[in-house]
Each structure stands twice: as structure tokens, then as C-alpha cells.
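Please open the structure in your viewer and keep the selection tool at hand; the stops below say what to pick and what is found there.

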Amino acid sequence: MTDMFKAPKGTYDVIPPFSQVWRAVRTALSTPPILSGYGYIETPLFEDTALFVRGVGESTDVVSKEMYTFEDRGGRTLTLRPEGTAGVLRAMLENRMDRGALPAKVWYTGPNFRYEQPQSGRYRQHTQVGVEAIGSSDPVLDAEVIWMAVHAQRNLLGLKNLRLLINSLGCRECRPAYRQTLTSFLDTLDLDEPTRHRATINPLRVLDDKRPDVQAMLVDAPLMPDHLCAECAEHHTKVLSYLDALGVVYEKAPRLVRGLDYYVRTTFELVHDGLGAQSAIGGGGRYDGLVETLGGPAIGGIGFGLGVDRTCLAVQAEGIDLTNTEPLNVFVIGLGEESTIAAVRLLGTVRSAGISADYAFDGRSIKAAMKGADRSGAKVALILGPDELANNCVIVKDLTTGEQSTTALDLVTDALVARFN
Ligand code: HAM
């Protein structure tokens, strides 16, 4: 036998019945943006490499270590998108959405590619549902974006074991001075070489170090929220008060730093406590300045990316059952050659009426067909043999109770609509 192929390392297949959970999660995550006036956008899976280098930041792990970069046959350097924001902003600018009504608000969903060390919850291809809103600095927009993320996870999916962490990372005015203060503090500590190196690239990232001994040294570290300029402090206070108004429960997280370079002011992460190391099921924040970096005007923006893969893990960890979201209602069985045309016609009529239905293929015996009906999970079997055909009727068998009755062929679809729709 020839060897079979396997999915590439760090990837997995989304197959039934798990795919029902997947689709239900994706639908739930995309519902709040649709409710909030965000238009759907789809952009290419690959972009010019330079877009990510400039947009996401050269010093980030994502750009320096994790990109799938290749040269195409025309000699262009392209990269499979490692995240959604840079490509979506590129598309919004290219399509002049920044010149229309502002804020311009879009949502998207699709896969991203990062060459990471695979483990539970961390893959080389992962899927996000995200939003981006550009052209407004209003703190109400920050609150709207955060509300959407939380509403989907907490209310639509029913996740309980979830915390919203929120911080402000300051702006181009106040962050440099804070960064200097933090660097001076870190210089006094006995950090190992890799950590010291990280501190030179971005000292804020050290605050996020998960190791207890490092955290112990950081107890007295200066924190960004205490060093915000007056405008950033006011913005942050307003965002928190609007979140209160929206009933969003949050935790202030003055040590929260995100892995991408473009964030300023509001940053947030949704953390699920049942997932181990890869606990962030979503995150985002403001990126005033990024639109300009990508060649657009000096307008602000904010967005989030929610991880579909990790949200599915969280849903499963909490025992929330989403596998019955696409139930099969009807199973049609035609017995004997002469019944097939009538059975196929019935199958078409039932499906056209909006009722899900499957069929007993390959003309098997009634016993085999009934086994197939049970296995399909359908609620009702419609059985059509020569006797029924002669009488223009069909046997309707309830697969849950086992009860069966006979109904006229031209009435059965209406009866099913009344039951299932
Ligand atoms: P991010 O935090 O890099 O942000 O990714 C968002 C979410 O995607 C994470 O919280 C996580 O749930 C999921 N995720 C990321 N990497 C992986 C992976 N290797 N395996 C499984 N899941 C993963 C962004 O990507 C930003 N573009 C979000 C954003 C939009 N900020 C502003 N606008």
C-alpha cells in the first residue's frame, strides 16, 4: 500500500461533527459586528512581505521568526498573512474607504499563518474573526469594539471562565519617557541574557514574562497607567466608564503588553482559564499611527482578532455542546426501482421547503436503509415502497418514538414544515 499523506505539522482538519462547533463559534463571533454596523471584507491570503514588516513591526516574533515568506514565479517577495490587521488596512486605504464616512468599520474571518512551535491551542494555521475601525479617536469606539468581543464570547456562546484584561499603552507622547523609566528600572535587576536582550528590543515585553522568579523581581516595576499623559489618561478613564455603561466586566491589567508593535492607548485581551499556556482567546487594541505608517492619512483606528480555534477549545473545556446546531430532520428511503423517481422527487420537495434531508443511497434492503436512517441522526424517516406508490402515500416513521403512520404524498411536506420550521 502507498503511504497516506498527513496534514502539515501544526495544522489540523475541521471535520464533522466538530465542524458544527467550529461553524457555530464563527457565527457567534461574527454576530456582534453585523449588529454594530460593520461591513464584511475579504482580502488576499498573501500580501507583499514589506506590508507586514512595516505594519506589524520588524522586532516582533511574528515578523522576525514566524512568517511564511516565499518568492513567486515573477520574483515578488510575498508572505502568507500572519494576522489580519495589516492586510485589511491596506485594502481599506487602497479602496479609499478612509475618504468616505468615518469611522469606516469592517469585519473579516479567515486563516492566518505563523511558523510557531505547535502545541495545544497553538497552530501554524489558525483562524480569526476580526474587526477594524478607522477614522475615529472616540473612546466610545474602543468600548464598542471591546463590547463586541465580550458579548460574543460571554453571551452568545455562554463562556463563563473568561476574563477581559484591559490596559492603556500610552501614545507617542508619553510612552518614550515611560519606556526610559522602565529601562532604568530593568537595568537594576539581575536578568538572564535572553531577557536582557528582549528588554533592549522592547522593555515592555519583559513585564509580560510569565516566570514567577521574573515576576517577583518586577513587583515594584513602574507601570504604564501611572505614566500616561493627560490625554491618554482621560481617554482610558472614558473607555472604562463606557464599558461600565455597557455592563462589560473587566480587570485592569497594567502589565498587559501585546505581541504586535502597532498598539497605542487601549489594549485588551480575553483570557480563558481552562486552556493552559495558550489562554488568550482574543485580543486587540488601538493603533493610532498605523494608518499613516501604511501610507494613509493621520487617522486613528482600533480592532480585535478573536481566535476561532481557541474559542472552540474553550467551548469544549466548559462542556458547552454546539454539535447539534445543524440537525438532520428527515431521511428518505425508496424501496425498489419503481419507487426511486417518487422518492427522489419527495427528497427534492422536502429540501426545497427548507427542511434538511438525506437519502438512503444504493438501493439497499429496508433493514440496511433503516440502520442508515438511525445512524444519520434524522428525526423522521419517510419510506416509499411499491404499495405506498400505488396509493400515493408515504410511511412517516418517527425515529425517536418508533411510531409510524401513513400520510398522503402531497400533504407530507406541509406536515413536515409545520413540525420543523
Ligand atoms: P493576536 O493576539 O496575534 O492579534 O491574535 C489574535 C488571536 O488569534 C489570539 O488571541 C489567539 O486566540 C489567536 N491566535 C494567534 N496565534 C495563534 C496560533 N498560532 N494558534 C492558534 N490561535 C492563535 C492579532 O492578530 C491582531 N491582528 C488583532 C487585532 C486586530 N488588533 C487590532 N486589530
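This is a predicted model: local features need pLDDT of at least 70, side-chain atom pairs count only at pLDDT 80 or more; totals for chains, interfaces and linings use all residues.

Does Ile302 count as buried or exposed, at what relative accessibility? Select Ile302, in strand S11 (helices, H or I, of at least four residues and strands, E, of at least two are DSSP runs numbered from the N terminus): Ile302 counts as buried because its relative accessibility is 0%, where buried means under 20% relative accessible area, exposed over 50% and partly exposed in between, with a 1.4 Å probe and protein chains only.

Residues are numbered from 1 along each chain as its sequence is written, and side-chain values use heavy atoms, with hydrogens and water left out.

Next, select the ligand and the 28 residues around it, of which Glu83, Glu116, Arg258, Tyr263 and Ala280 come nearest; a residue is near a molecule if one of its heavy atoms lies within 4 Å of it. Strands S6 (125–134), S10 (280–286) and S11 (301–307) each supply at least two residues of this shell, and S10 gives the most, with six residues.

Now show the polar atoms. A nitrogen atom of the ligand lies 2.9 Å from a polar side-chain atom of Glu132, and a polar side-chain atom of His126 is 3.5 Å from a nitrogen atom of the ligand. On the backbone, a polar atom of Ile281 is 3.4 Å from an oxygen atom of the ligand. The protein buries 96% of the 650 Å² that the ligand exposes when taken alone, with areas from the Shrake-Rupley method and a 1.4 Å probe.

From Glu132, move to Thr85, whose side chain makes a polar contact with the side chain of Glu132 at 2.9 Å (a pair of N or O atoms within 3.5 Å; within protein, one must be able to donate a hydrogen and the other to accept it, and residues adjacent in sequence count only if both atoms are side-chain atoms). Thr85 is in helix H4 (residues 85–94) and counts as buried because its relative accessibility is 7%.

Finally, select Phe70 in strand S3 (residues 68–71), which counts as partly exposed because its relative accessibility is 33%.
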